Amino acid sequence: MSRTADFRKLMMSGKPLAGTFLKTPHYIMVEVLAQSGLDFLCLDAEHAPFDRNTLDQCLAVAQALDFPILVRVADSSPREILQALDYGAVGIVAPHVDSAKKAAAVAKSAHYGLDGRGYAGSTRWAGYATQKMPDLLERSKRETIVIAQIEDPQGVDEVEEIAATRGVDGIFIGPADLSVGYGKTDQTSPELHAAMLKVGRAAKKNSKPYMSFVPDAMKAAEWNEAYGLSMFFVASEHNWMRKGATHEAQGIHNIKSENTS
């Protein structure tokens, strides 16, 4: 039983899953959060300062711990996707997927084959040349995860085609980007509500897990009921560190001491 090898199957089951975006590019954060009860982490190479070295270190530790790691790639280029998967990520989150053509290109880049990943058996993911080609090709089909992030109005317009794209395993809706794309300054607009319903219907129709960023478990429960989301990227370690530190500091400051007036 492997948490990483079985993660795609777990994701496709529709069981509610909790993860977070990791913003701090250091392997110790992976070690600590792997002890937390989270189901996965997503290294945020799009909005945090991950470079090739820190990405490699974090994924090495995750593999040693058998802890599922996704990477939100900086962009959807074949180079970014190839590096994340070669280093050992179980899958990628591709930002700004706004057409079926782009979704198909992302899916192709994430899998071995002509004009895709080609083939490399010497990577960490492939066991550093210790595994046979037929086994690795089958493993890639069975384990590798491709998540398309819908965060532009055009992506919402074309979400049915995106969700139906072969090789796309999950649909992620980006409520903040979408709200800005609709010209809004918060995440309460009717346009966002309609978009979340539409994207959810497309995901369900194509038996693809539906997921999003949420600030906390309360919002996750609300969106699970309202929109059918099952996989949640909850805040980030930045939020949790600040929240925990603030709570404890306030507790100390509220202590009534005989030595203070």
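Alanine 18 counts as partly exposed, at 29% relative accessibility. Here buried means under 20% relative accessible area, exposed means over 50%, and partly exposed lies in between (1.4 Å probe, protein chains only). The model is predicted: local features need pLDDT of at least 70, side-chain atom pairs count only at pLDDT 80 or more, and totals for chains, interfaces and linings use all residues. Residues are numbered from 1 along each chain as its sequence is written, and side-chain values use heavy atoms, with hydrogens and water left out.

Alanine 18 belongs to strand β1 (residues 17-22). Strands (E, at least two residues) and helices (H or I, at least four) are DSSP runs, numbered from the N terminus. Leaving aside neighbours within four places in sequence, alanine 18 is in contact with Leu38, Asp39, Phe40 and Phe232. Contact means heavy atoms within 4.5 Å. Alanine 18 and serine 230 are 212 residues apart in sequence, yet their C-alpha atoms are 8.9 Å apart in space. Serine 230 lies in the loop between α11 and β8 (231-236). Serine 230 is buried, with a relative accessible area of 8%. Residues up to four places away in sequence not counted, serine 230 touches Gly14, Lys15, Pro16, Leu17, Pro209 and Tyr210.

An α-helix has 3.6 residues a turn, so residues three or four places apart point the same way. The structure holds eight aromatic pairs. In the pair of tryptophan 223 and tyrosine 227, the ring centres are 6.2 Å apart and the planes are at 75°, so the pair is edge-to-face. Rings of Phe, Tyr and Trp (its six-membered ring) pair if their centres lie within 6.5 Å; planes under 30 degrees apart count as stacked, over 60 as edge-to-face and the rest as tilted. Tryptophan 223 is buried at a relative accessible area of 7%. Tyrosine 227 is also buried, at 15%.

Ring pairs also link Phe7, Phe21, Phe40, Phe172 and Phe233 into a cluster. The charged end of arginine 72 sits over the ring of phenylalanine 21, 4.1 Å from the ring centre. The criterion is NZ of Lys or CZ of Arg within 6 Å of the ring centre and within 35 degrees of the ring normal. Arginine 117 has its charged end over the ring of tyrosine 112, 4.4 Å from the centre.

Helix α4 (residues 78-87) is mostly covered, with seven of its ten residues buried. These are Glu80, Ile81, Gln83, Ala84, Leu85, Asp86 and Tyr87. Their cover includes α3 (52-65), β3 (69-72), β4 (91-94) and α5. Glycine 88 follows α4 and has a positive phi, near 125°.

Asp86 is also touched by threonine 123, as is Tyr128, not counting residues up to four places away in sequence. Threonine 123 is placed in the loop between α5 (100-109) and α6 (133-143). At 11% relative accessibility, threonine 123 counts as buried. Tyrosine 128 lies in the loop between α5 and α6. Its phi is near 55°, a positive value in a residue other than glycine. Most residues other than glycine have a negative phi, and most peptide bonds are trans. Serine 207 likewise has a positive phi, near 55°. Serine 207 lies in the loop between α10 and β7 (210-214) and counts as exposed, at 55% relative accessibility.

Serine 189 is found in the loop between α9 (175-181) and α10 (190-205). At 7% relative accessibility, serine 189 counts as buried. Serine 189 and serine 179 are ten residues apart in sequence and 7.5 Å apart in space, C-alpha to C-alpha.

The largest pocket has about 330 Å³ of space. Its lining comprises 16 residues, of which Ala107, His111, Lys141, Arg166 and Gly167 are the closest to the centre. Helices α5 and α6 are the elements that give two or more residues to this lining. By class, the lining has five nonpolar, six polar and five charged residues. Nonpolar covers Ala, Val, Leu, Ile, Met, Phe, Trp, Tyr, Cys and Pro; charged covers Asp, Glu, Lys and Arg; the others, Gly among them, are polar. On a 1 Å grid over the protein atoms alone, a pocket is an open set of points where a 1.4 Å probe fits, with protein on both sides within 12 Å along at least five of seven lines; lining residues have an atom within 4 Å of a point. Grid points are joined across faces, edges and corners, and the volume is the space filled by probe spheres set on the points.
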